[in-house]
Amino acid sequence: MLPFLHGWPKEKTSMTPLFDAMHEAGFVSAYVQDDCHSSLAPKHSNIAHHTPNQAWCIAQKEWGYWDGSEDTRCIGDRPSNAHAFEYIQRFLDTYKDNARYVFAHLGDGHEVSGTVIRSVDLSLHTFLQETLKKQRKHSNTIILISSDHGMRYGGWRRSASGFLEHKLPPLFIIMPRQMQTNAPAIYAALRHNTKLLITKLDLHMTLKHLLRWPLQPLETKQQAVGVSLLMPLSYDRT
């Protein structure tokens, strides 16, 4: 997920990290990761305003929670992801009068059996239902649900289907319904781009574009590798 957070594929460039860009635009931020470290936040990036990762460190020390377990990943009688989504909801409610940015990385899919991730279904459903219900009348919330890769464990990955799934993880973007009328160009561009291959670098530039809409992101074409999805992409991009 580093390209999404920082806008670069391998080497550090002059791109502004996403958290920094959000802070400069006046957003309150949270970084949620359901393990005892913060591997996706390199030292050169500013830390989010809220990082509750220590809660998982306490769970690991006191109750033996381990984010790499192939069995249940519970804290108490609830999946760890339920606690993560509950924290995010409380964060959104606490700062309801502020611009808010949350990045959450849940590792339930990082195990061989491919079954632990099922525990996310109810937590994610509840979170989306509550969040969208609260935003129904005056929605300005955008939700991105994605993965950094598809299934990469076991022999199935060596098949043609497994290879493609590993390289083509899912992406869902939930936009405010009012944008269909208030910003039809964005809506049309997103629909157009659903038929194209995109990268996490494009998602990085998309969020930066939203910060300045209808102006363009501050990064120049020489600095940026990704392209904003708020504009229709070329069918022959490589």
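Predicted model: local features only at pLDDT ≥ 70, side-chain atom pairs only at ≥ 80, totals over all residues.
A cavity here is a set of grid points where a 1.4 Å probe fits but cannot get out.

About 50 Å³ of space lies inside the largest cavity. By class, the lining residues of the largest cavity are 8 nonpolar and 1 polar, with no charged residue.

**View B. The second largest pocket and the elements around it.**
Here we turn to an open space. The second largest pocket has a volume of about 1,200 Å³. Of the 36 residues that line the second largest pocket, Leu 171, Leu 196, Leu 197, Ile 198 and Thr 199 lie nearest its centre. Two or more lining residues come from each of helix H6 (160-167), strand E6 (171-174), helix H8 (184-193) and helix H9 (200-212). The lining of the second largest pocket counts 20 nonpolar, 9 polar and 7 charged residues.

**View C. Phe 19 and Tyr 101, an edge-to-face aromatic pair.**
The structure holds 6 aromatic pairs. In the one shown, the rings of Phe 19 and Tyr 101 are 5.3 Å apart, centre to centre, with 70° between the planes. This pair joins distant parts of the chain, since Phe 19 sits in helix H2 (residues 18-24) and Tyr 101 in strand E4 (residues 100-105), 82 residues apart. Phe 19 counts as buried because its relative accessibility is 6%, under the 20% cut-off. Tyr 101 is buried too, at a relative accessible area of 7%. Look around the pair as well: ring pairs link Phe 4, Phe 19, Tyr 31, Tyr 101 and Phe 103 into a cluster.

**View D. Helix H3, with a buried side and exposed residues facing away from it.**
In helix H3 (residues 54-63), Trp 56, Cys 57 and Ala 59 are buried. These three lie on the same side of H3 because they cover an arc of only 160° around the axis. An α-helix has 3.6 residues a turn, so residues three or four places apart point the same way. On the face of H3 turned away from the buried side are the exposed residues Gln 54, Lys 61 and Glu 62. Among the elements covering the buried residues of H3 are strand E1 (28-33), strand E2 (74-75) and helix H4 (80-94). After H3 comes Gly 64, with a positive phi near 75°.

Key. Residues numbered from 1 in each chain as written. Heavy atoms only, no water. 1 Å grid on protein atoms, 1.4 Å probe; cavity = no way out; pocket = protein on both sides within 12 Å on 5 of 7 lines; lining within 4 Å. Points joined across faces, edges and corners; volume = space filled by probe spheres on them. Helix = DSSP H or I, 4+ residues; strand = E, 2+ residues; numbered from the N terminus. Nonpolar A, V, L, I, M, F, W, Y, C, P; charged D, E, K, R; others polar. Phe/Tyr/Trp six-rings, centres within 6.5 Å; stacked < 30°, edge-to-face > 60°. Buried < 20%, exposed > 50% of the residue type's maximum accessible area, 1.4 Å probe, protein only. Arc of directions from axis to C-beta. Contact = heavy atoms within 4.5 Å.
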